[in-house]
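This report describes the architecture of one protein chain, from its overall make-up to selected residues. Please study the sequence and the structure before reading on.

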Amino acid sequence: MVKKKWQPVFCGGLLAALGFGVMLGFWSSGGHADGVPGLLDYRGATWGDGLFLPVLAASLVTLIGRLPAPADFRVRASAGIMGGVAGLAVIVQWLLDPSPGLNWTMPGAHYLNWPGRWHAAFLVGACATFGWLWGDFFDRLRRSFKESATAISGRSALRSGAFAWVIGSSLAFGAAAGLDSINVGTTRAGLTSLAFLLTALVLVTAALVWAARGEIVAAGLPTLVGGILFLALMAVSMLVPPDLVVILFVVSAAAFGLAVALTAELNLGSGDRPWVFNKYPSKGAASLELLAIPALFVLLPIGSSSISAGRVNQLLPLAGLLLAVLLFVFIVRGWRRGEWRPGKDYPWIAISILFVLATAGVLPLRQVSGTNDAATSVFFALLATLLAGPTIKLCQVDAQVLVKMEWSQEYLENGSKHTARQKPVAWWLRVRLAACTVAAMCSVFGLTILTARSVGWSGNEQDLPLSHGLWLGAGLVVVGPIFLIHQVTRSISLGETEIGLSRRTKIATAAIWTFSGCALVYNVFSHAEIFDLWAAFQSSCVALFAGECVLSNGLRLGLQRLTMTSTIMVSSITLGIFSVAYWTLTMGVGTTIAPVSVVQSFVALMVGYGIVGLLTVVATTTVYGEAGVPNRPLAERFGNAVQNALMLLPMWMLLCWLPRTISAHIPERSEDLHRWVAIGLIYVGFLALYCKALVWLTETNDIHVGSHLDHMKLAVPAHFHPHASHWIRIKSLRGRIADYSFRNDGGTPEERRGRALSTHTAMQNVLAFSLVAITVLGAFWLFPVEVEA
């Protein structure tokens, strides 16, 4: 039995590392023969060994862990030996073939170089391993159906999402390897590989029917879902060379599909399910739906990307696919609920389909010869702007449910925490909100790139400038806080209070934070060629937002007073965060003369955000002050810090990184008014997406404060009520900021906590609005003088 949840992931990761990982290392090291197919020319060696086989291994290990263990290992051992012998036979046939079809691992007939020898050994080992896993799975499955007590585990395995992944990944690898063998031609080696794949397919199918003992019908829906996954995996693997816009639209479609699939779990009916669906319990069906709908959605943008502009007849298969998606969603949803209630799903399905159609529909326009004109760029920019509204509306609907939960008596009586009944609903809502946010951002970002390309997107991209000092500084800054959080939590577990921490722990805490801040500042600004004032203002807002999170969540909300040491700690970490943000907005983006590759720039942004998030969370949980009362629990401070760090990402990316990336990739032509009109429309689109979300976030922040004040039996001001207008909330910011105090003295502990929470959210709101203003003013700052005149 597999008792550890990490075992499937470990097995899949190990297989990917030994297969594709090692071969990629050989390929990257160079020295291979020229004029022959290389590693990237084989779909089976890249997608197959890197994704399909690891997913298959992880899924089989998962299924094996759900079934009772067999009495002995004869079946799996025999299957493993047979698999290894079959793999060895394939290698021998390749070596004996006088004209096998040469490649980079076999530069001559009857000869394998070192990458070829490794791949041959890996093939034999993989065949033996999968023979063992398949044999073990079939043996356990057959034994589970022998007794009624264990039959339920067998049916559960056949109905699960893991079984769907087994079907999908097996077919995908077989298809990828089969296409590679067909491309070799009618050689003995190619025909042997094809025969091996077909024989394996027949044997696995026959063994599954044998092991299921008449229960094979239970695998009907998972097999269908596995077929859908197979189509999606093969479609994704054919995106060569990958286009960034298509990838963004594919991610967006998958995220919207996930959001649509998640709507069912909150709206299950109470009626009896039809007989067709009786064999699929709700939990198993939910996992299948979570796999099938995103996979179907992914097919739409991929299919659209292969359509040539002006070929209307190619749209018919795409329209049929869209109809199939809708039918699948409504039919499966009706089966699950036992009744037809499309009105419950209508908003999510309609808006998700709108997004997918809008993004997939513009892909053929990329190939029109006249796309470099004002009309096309304005169309792309306006479409991105218009799509922002429905996304915010969807998120607001779910967010209002969460807000109502926090104001419910059930929530307040449970110490302002979700009850066991509320937790699943809250979790599903948060995941759906996250999926919808990712989908919308990818869609608008893809349309933004299309807009920028239509006005002269610069293809002269440079690599990200890195140095050993930057790598060393980032590594030390990451390792230090991890050690710090371990040391502080260990001291507390040994009986020390946060007020009475040992002198050694306090000195270590202050030293690490001071060192981290100084290391970041030195490594960033020692490599900066010029000082960018616009980036400095934006980075200041980002750093102050994170620093205020550390100050309030780490000290003020716990009624802790600042000491000289904690002041140095908070100041140094804020300065360090400023330097990281500044680096991602300057050297991480580049200039109009030498823009950094968008992919590398985005990776740099995510790495920088990861470092800032780590520093913010760890600093919030380890900073200490001086007071007569204990600080808040570590878990509470940690949760608040994570929430604030998540709020920081859209601010940083949408208002700071994205405008600078767009400006850097569109060459400066001061006489070209069209360039600045298009950039302005792009800014408007993202500002519309962000500002609407920002207003909603500030409103949610204020309502959250009001619920806490009500829970502490304090008076709730009008601007904290759920139905307060936006103008009332904005007017209250001035007085709340004036009430901000580092000492936070005066009144009862409850009043001081309420005041600290009110001023904390007010300061966050002001910093967020300030960042919007700085972004807009910075865009005008860059506006050419000739165009202004």
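The protein chain contains 26 helices and zero strands; helices (H or I, at least four residues) and strands (E, at least two) are DSSP runs, numbered from the N terminus. This is a predicted model, in which local features need pLDDT of at least 70 and side-chain atom pairs count only at pLDDT 80 or more, while totals for chains, interfaces and linings use all residues. Residues are numbered from 1 along each chain as its sequence is written, and side-chain values use heavy atoms, with hydrogens and water left out.

Of the 789 residues in the protein chain, 51% are buried. Buried means under 20% relative accessible area, exposed means over 50%, and partly exposed lies in between (1.4 Å probe, protein chains only). Contact means heavy atoms within 4.5 Å. Among contacts between residues at least 6 apart in sequence, 82% join residues at least 24 apart.

**Nonpolar cores**

A nonpolar core is a set of buried Ala, Val, Leu, Ile, Met, Phe, Trp, Tyr and Cys residues joined through side-chain atoms within 4.5 Å. The largest one has 60 residues, and Phe445, Trp652 and Trp657 touch the most other members. Among the elements that give two or more residues to this core are helix H16 (422-454), helix H21 and helix H22 (634-665). H22 gives the most, with 13 residues. Leaving out residues up to four places away in sequence, Trp657 touches partners including Phe445, Phe602, Leu605 and Trp652. Another core, of 39 residues, lies apart from the largest one and includes Leu60, Phe122, Phe145 and Ala172.

**Two buried residues**

Thr620 belongs to helix H21 (residues 598-622). Thr620 counts as buried because its relative accessibility is 0%. Its side chain reaches the backbone oxygen of Thr616 at 2.6 Å. Not counting residues up to four places away in sequence, Thr620 touches Cys549, Val550, Asn553, Gly554, Arg637 and Ala641.

Ser160, by comparison, is placed in the loop between helix H5 (148-158) and helix H6 (161-184). Ser160 also counts as buried, because its relative accessibility is 5%. Its contacts, apart from neighbours within four places in sequence, are Leu63, Arg66, Pro222, Ser287 and Leu288.

**Salt bridges**

How many salt bridges does a search of the whole structure find? The search finds three, where a salt bridge is a side-chain nitrogen of Lys or Arg within 4 Å of a carboxyl oxygen of Asp or Glu.

| Salt bridge | N to O distance |
|---|---|
| Asp136 and Arg76 | 3.6 Å |
| Arg140 and Asp136 | 2.9 Å |
| Arg143 and Asp139 | 3.0 Å |

Asp136 in helix H4 (residues 114-144) and Arg76 in helix H3 (residues 74-96) are 60 residues apart, and this pair links distant parts of the chain. Arg140 and Asp136 are separated by about one helical turn, because they are four residues apart in helix H4. Arg76, Asp136 and Arg140 are linked in a network of salt bridges. Asp136 is buried at 4% relative accessible area, and Arg76 counts as buried at 18% relative accessibility. Arg143 counts as partly exposed at 29% relative accessibility, whereas Asp139 is buried at 6% relative accessible area.

**The surface**

The protein chain exposes about 35200 Å², of which carbon and sulfur atoms supply 69%. Accessible areas come from the Shrake-Rupley method with a 1.4 Å probe; for residues, only the protein chains shown count as cover.

Definitions and conventions:
Polar contact = N/O pair within 3.5 Å; in protein donor to acceptor, adjacent residues only side chain to side chain.
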